[in-house]
Amino acid sequence: MPTILVTGALGQIGAELVPALRARHGADNVIATDLKVLPPGGAAAAAPYGHLDCTEPHQLHEAVRRYDVGTIYHLAALLSASAEAAPQLAWSVNMSGLYNVLEVARGYGCQVFFPSSIGAFGPTTPRDATPQVTVQRPTTIYGVTKVAGELLCDYYAHRFGIDTRGLRLPGLISYVAAPGGGTTDYAVEMFYHAVRYGRYTCFLSAETRLDMMYMPDAIGAMMDLMAADSGSLRYRNAYNVTAMSVTPAEIAAAIARQVPGFAVDYEVDPVRQAIADSWPRSLDDSAAHADWGFAPRYDLEAMTTDMLARLRSKLAAARSR
Ligand code: NAD
Ligand code: AKB
């Protein structure tokens, strides 16, 4: 079977996507790649692993040719807060990286997965039940690269017949790998701090409402979308998906129900707050339900229970080493 290539495989998503793909398609059929050096004992992305900088087209061509790649999950990118701190680098990695992936896909006939984001929307987008097709005028460089990336995927699908598929992912909550510089990272940090210290200082205000999803649902959604019947997909740029629309105060309350005494205070970071305030409060993901059967399993309570249990064992295992 044709091989699957994952770029940015050592990040928050790749750390869980690579093992899930290997479980379904066989370990040797999934090539994990990243700019970073594979850390010793990095089991999640263990061999086959290769260094690959997505801004270097020849590295992508060489990997696709060498491993006979049929599908590319292109995860390499700078996230919203990191991108805002380095807009020129964000443009280079997020845009040149995707362009290089699409060009190599055009040359070798690969299927491509592109993760867009709620960041592809902006302050003039309807903020509640944000429609699948609506105004997209983001005010962050991250959002600009996500909208342009969506349009580029659409273009390659319609102009060159490339099988591009994408999701507008919300903030992802997970326990395997740390998040990589996003605005929604507070949600993951809150869980770690609850288990470790029983308190947390949040960089977004208590009532900032954003969409979130537990990582197992996000991994399931990516793999289901990629396996869906091509003819049923109306959108080739990216599908809205979400599992919950929550505030820091609501996540804190859900954690406090299981970690008695957990307390959160708020020291708002104006840069990340401004980014969050420009994003939707909730997405309408009915197109994803209708076209390829998207159905997340975890709501806030179910996610909180699983996340706390997994984190407790992870941190206990780390302490006993
Ligand atoms: P992350 O920051 O955790 O990981 C990104 C990885 O890309 C890192 O391991 C980094 O080393 C690598 N990378 C950076 N520059 C590179 C380059 N030039 N070449 C190759 N690799 C490079 O990000 P993530 O959370 O895993 O997100 C993956 C994708 O999903 C991104 O496109 C992101 O915008 C999107 N997304 C993530 C979330 C989320 O909440 N995690 C939400 C919406 C969309
Ligand atoms: C971020 O906060 O940048 C990401 C995202 C929602 O795209 N988690």
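Which backbone N or O atom lies 2.6 Å from an oxygen atom of ligand 2? I opened my notebook with that one, keeping in mind that this is a predicted model.

**Entry: polar contacts of the ligand**
I found that the atom belongs to Thr183, whose backbone supplies an N or O at 2.6 Å from a ligand 2 oxygen. I then turned to side chains: Ser117 has a side-chain N or O atom 2.6 Å from an oxygen atom of ligand 2. Tyr142 also places a polar side-chain atom 2.6 Å from a ligand 2 oxygen. Next I looked up the cover: ligand 2 exposes 250 Å² when taken alone, and the protein buries 94% of that.

**Entry: the surroundings**
I checked where ligand 2 sits, and the space it takes is the largest pocket. Around ligand 2 I listed its neighbours, among them Leu79, Ser80, Ile118, Pro170, Gly171 and Trp279. Gly182, Thr183 and Thr184 belong to that shell too. Sorted by class, the shell holds five nonpolar and six polar residues, with no charged ones.

**Entry: aromatic rings**
I moved on to the rings and got a count of nine aromatic pairs. One that I looked at is Tyr155 with Tyr156: the centres are 6.0 Å apart and the planes stand at 75°, so I noted the pair as edge-to-face. Are these two partners buried or exposed? Tyr155 has 42% relative accessibility, so it counts as partly exposed. Tyr156, at 4% relative accessible area, is buried, because buried means under 20%. I also noted Tyr239 and Trp292, an edge-to-face pair with 6.0 Å from centre to centre and 80° between the planes.

Definitions and conventions
Residues are numbered from 1 along each chain as its sequence is written. Chains are lettered from A and ligands numbered from 1 in the order in which they are written. This is a predicted model: local features need pLDDT of at least 70, side-chain atom pairs count only at pLDDT 80 or more; totals for chains, interfaces and linings use all residues. Side-chain values use heavy atoms; hydrogens and water are left out. A residue is near a molecule or strand if one of its heavy atoms lies within 4 Å of it. A polar contact is a pair of N or O atoms within 3.5 Å; within protein, one must be able to donate a hydrogen and the other to accept it, and residues adjacent in sequence count only if both atoms are side-chain atoms. Accessible areas come from the Shrake-Rupley method with a 1.4 Å probe; for residues, only the protein chains shown count as cover. On a 1 Å grid over the protein atoms alone, a cavity is a set of points where a 1.4 Å probe fits but cannot get out, and a pocket is an open set with protein on both sides within 12 Å along at least five of seven lines; lining residues have an atom within 4 Å of a point. A molecule sits in a cavity or pocket if more than half of its atoms lie within 2 Å of its grid points. Ala, Val, Leu, Ile, Met, Phe, Trp, Tyr, Cys and Pro count as nonpolar, Asp, Glu, Lys and Arg as charged, and the others, Gly among them, as polar. Rings of Phe, Tyr and Trp (its six-membered ring) pair if their centres lie within 6.5 Å; planes under 30 degrees apart count as stacked, over 60 as edge-to-face and the rest as tilted. Buried means under 20% relative accessible area, exposed over 50%, partly exposed in between (1.4 Å probe, protein chains only).
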